[in-house]
Amino acid sequence: MSAERGQAGLPEGPQCPLAVGGHEVIVMAHGGGGRLARQLLEAVFFPAFEADGTRVHHDGAVFAAPPGPLAFTTDSYVVRPLFFPGGDIGKLAVWGTVNDLAMCGALPLALSAGFILEEGFSMATLRRVVQSMAAAARQAGVSIVTGDTKVVERGCGDGVYINTAGVGRVVAGADISPRRLQPGDAIVANGDLARHGIAVLTQRPGFEFENAIDSDCADVSGQVRALLAAGIEVHCLRDLTRGGLAANLVEIAAGAGLRLRLEESALPLADEVAAVCELLGLDPLYVACEGRFVAFVPAAQVPPALAALRGAGAPCPVMIGEVSAACPGGQVILRSRIGGERLLDMPSGEQLPRIC
Amino acid sequence: MKYVEEFRDGRLAAQLARQLRRAVTRPWAVMEVCGGQTHAILRYGIDQLLPESLTLLHGPGCPVCITPVEILDQAQAIAARPGVILCSFGDMLRVPGSRSDLLTVKARGGDVRVVYSPLDVLALAHANPDRQVVFLAVGFETTAPANAMLIHQAQRQGLENLSVLVSQALVPPALAAMLDAPEHRVQGFLAAGHVCAVMGIEPYRAVAGRYRVPVVVAGFEPLDILQALLLCVRQLEAGRAEVENAYDRVVRSDGNPAARALVDRVFAVATRPWRGIGTIPDSGLTLRPEYAAFDAVARFGLPDAVAPEPAVCIAGQVLTGLRQPGDCPAFGGRCTPETPLGAPMVSGEGACAAYYRYRRAAGGSR
C-alpha cells in the first residue's frame, strides 16, 4: 500500500532510507510510548521540527502570547495520493492551518501536529512528509512546537493522517466576519479556481492525463498581511477549500443574509483545469482549492486590493462579483456568460463523474 | 478551451436570441430530448433569453433517471456479495433503488468502483482473476458501442469472471411513444447530438414524417441549443417537419457505422421499462444469445422483480413534457436531490434536479 503510493509523484532530491530502531516501516511499537516511540521522535520528528532552534514538546508547549486577540484553529488532513504535483500532505497540513488563521486576519504564532500512522507505513515516506512540513513551516515563518503520534493496525488507516492546530495573533484593527459584509462590497479572488482538487484527482489510478496539473497549495498569509498592511478595509475572508468557491460563498451569503452576485466570465480558470472538468462533467466552482481565497472589500478599494495581492505573490487576483442586497437566508446568483442567471447551491455530497 | 468556448459566446448568443424573437409569431412548445441539454439550458439561463411564447419541454434523455429501480436493486444485491467487484459510472452511485443506493452498499463493505471507461473493467477482471467483476452497463445509444466493445473483448479474451448488468435504452422509440399519447404537448424536438453521432439522423426521419414534427439535431453548448431552436422554430413557422442537423461538427448523417455494427453484433432490440414512464416497446437493448454467458442477472441467479414507485411523484408527466417540475406538490419539499422520490430528481441531469439546483424558488421554466 504505502510502497505503491510512495512512488507516485515523489519530489526530487536525496532521500534518507535510514531505518528507525532497525525498522524500515512503522510497527505498532512506534506508537507504544516505549523505546521505539522515543527513537521515532528522535530520528524523524525532532531533527525536522527543531532545525529552526525550536524545542518540540510532546506534552504541551508554553509560550507568552502577545497583547490583543488571538485566533485558534484546527484541521485534519487526509489525501490520496500523499504526494501530488505542486504539493503533498505535509505542505497541506501546515499551510492549511496557517491559511485558516489568515482567514481570521491572524498571523501564526505556533502550530501543533498530530500524526496517526498506519502499521506498515514506509519510514522513508514518513520522513519525507515530515521534512516537507518543516520546510512549509519555515516558509510560513511559524514553528511546530508540540505534537503527538499514534499508530493504528494495518488496514485501519491510510498510511498517514495528520492533524494540525494553530494559534495566531490577529492583526491590529482587523475585524473579519460575514456579519461585516455590506451591499456594494466587491468580491475579489486571489487566483484561478479548482486547481488542487483536479491536481489530486488526476493523479489517482484510472486517469492517464498526459500533462500534470499543479495544485494551488500555498501559504496565503502573506497575501492577507499585504491586504491589511495596504489599509484595505477587509470585511470578510474565506479560503476556498472543501466545496470550492460555490459552497463557501453560499455559506457566507447565508451567514450574512445577503445576496451575492458573480460574473461567470470573470471567474479565473486555467485552460487545462477547465478541460478536465469538462471531460469528467465536474463543475469547477465546487472543486476544492488549497491556496485560494476570496476577500470582501469596499468596491472603491478594489484596485489597491488587487495591487496588494499581486505584490504579495497572488497568481492572478481578480474581482469576480459583488454583494448586492439583503436577502433572507442568503443567495448566490451567477450570471452566465450568455447573460442568463442561475442559483449556486450547496452540493449534494461528493461530485461524481457522469456517464455522458 | 478550443471548440467549446466559441460556443459559449455571449454576443453571438444575444444575436441568436434576437433572431429567435423575430422568428416566433405564435406559441410553440419544443422539447430538448437530452438531460445534458436540459442541464445546459438551466445552467446558462438559455430559457431566460427566449421569446415568451416559446416554451421548452424537458425530455426523458437522462440515462441515470430512467434506469429502472429493479436494475438498481439488482446492482446493489450483486455489489453486496463477497468476492464481487461492481463497476459503474460515477453518477449511478447515488441513485436510490427501492431501499438503498450503491454508495451505501460500498460503505457497508461492498466493493463498488467508479470507472471512466467500460474498457477499464477488462483490466480489473484480468487483475482480479479470483473475483467476479460486474459492470453496470447503462446508457443510451451513446454508451452502447463502448459497452458492446467491453463484452465483445471479454468474450474474445475468454474472461470468465466478467459480466454485465445491462440497462441500455433507445431514444427514437421513446419519442414515438410520447407522440402516441393523445395529450402530448410536443411540437418539435431538439434531438440529442451524441446519440445521433452513433446512430445518424435516419431514425429521426420516420418520427418527423409520421408525426409531422420537426427534429433538429442539437449539441450541448448554449450556441448549439439556440441555433437548433432557431432552425426548429423556422420549420414550425413555415409548416415544415424535417430532420435538420445543427450539430454537424460532430454528427454525420450516417452516424458511426462501425460503432453501430458492433452494437448490433452484441445486442438485440428489446422492450424495456423506463423509470417514471413505464414499458416502451422496442426501446432497449439486451444481450444476444451468443453473449448470454456475460449476463450478470443469469450468472448471479437474481430474481426478476418489479419495484413500485411513489404515487405522489409525477415523474412520468415531467419526463414526457406534460408537466414542469414546479407543478409537482412534492418538488423541493418531500422530494429533493438528497431524498428523491422519482426519476428526474435522482440525477443532476434530470429536469427536477436541474430546477432544484439552479432555480429552486422558480420551479418552472415558463
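Which residue stands opposite A:Val318 in β11(A)? Hold that thought while I do the housekeeping. This is a predicted model, where local features need pLDDT of at least 70, side-chain atom pairs count only at pLDDT 80 or more, and totals for chains, interfaces and linings use all residues. Residues are numbered from 1 along each chain as its sequence is written, and chains are lettered from A and ligands numbered from 1 in the order in which they are written.

Okay, back to chain A. The residue facing A:Val318 is A:Ala189. Strand β7 (185-189) and strand β11 (318-326) of chain A run antiparallel, joined by 4 bridges. Two strands pair if DSSP finds at least two bridges between them.

Zooming out, 7 strands of chain A make an open, mixed sheet, ordered β8-β10-β7-β11-β9-β12-β13. β8 (236-239) and β13 (341-344) of chain A sit at the edges with a single partner strand each, so one side of each has no neighbour in the sheet. From one strand to the next, the twist averages 25°. Helix α7 (244-256) of chain A lies across β8, β9, β12 and β13 of chain A, at about 150° to β9(A). For angles, axes are lines fitted to C-alpha atoms, for helices over the stretch in contact, and the angle runs from 0 to 180 degrees between N-to-C directions.

Now chain B. The axes of α1(B) and α11(B) come within 10 Å and cross at roughly 15°. That's under 35 degrees, the cut-off for roughly parallel, so α1(B) and α11(B) count as roughly parallel to each other. Among the residues making that contact are B:Leu16 and B:Leu20 of α1(B), plus B:Leu226 and B:Val233 of α11(B). Contact here means C-beta atoms, placed from the backbone, within 7 Å.

Chain B also splits into domain 1 (1-313) and domain 2 (315-358); those bounds come from an automatic or database domain assignment. Over C-alpha atoms, the centres of the two domains are 18 Å apart. Domain 1 of chain B puts 32 residues into the contact, and domain 2 of chain B puts in 22. On the domain 1 side, α2(B) gives the most, with 6 residues.

Last stop, where the chains meet: 36 residues come from chain B and 21 from chain A. On chain B's side, α1, α2, α3, β5 and α16 each supply at least two residues.

Note on methods
Two residues are in contact if their C-beta atoms, placed from the backbone, lie within 7 Å. Angles under 35 degrees count as roughly parallel, over 145 as roughly antiparallel, 65 to 115 as roughly perpendicular and the rest as oblique.
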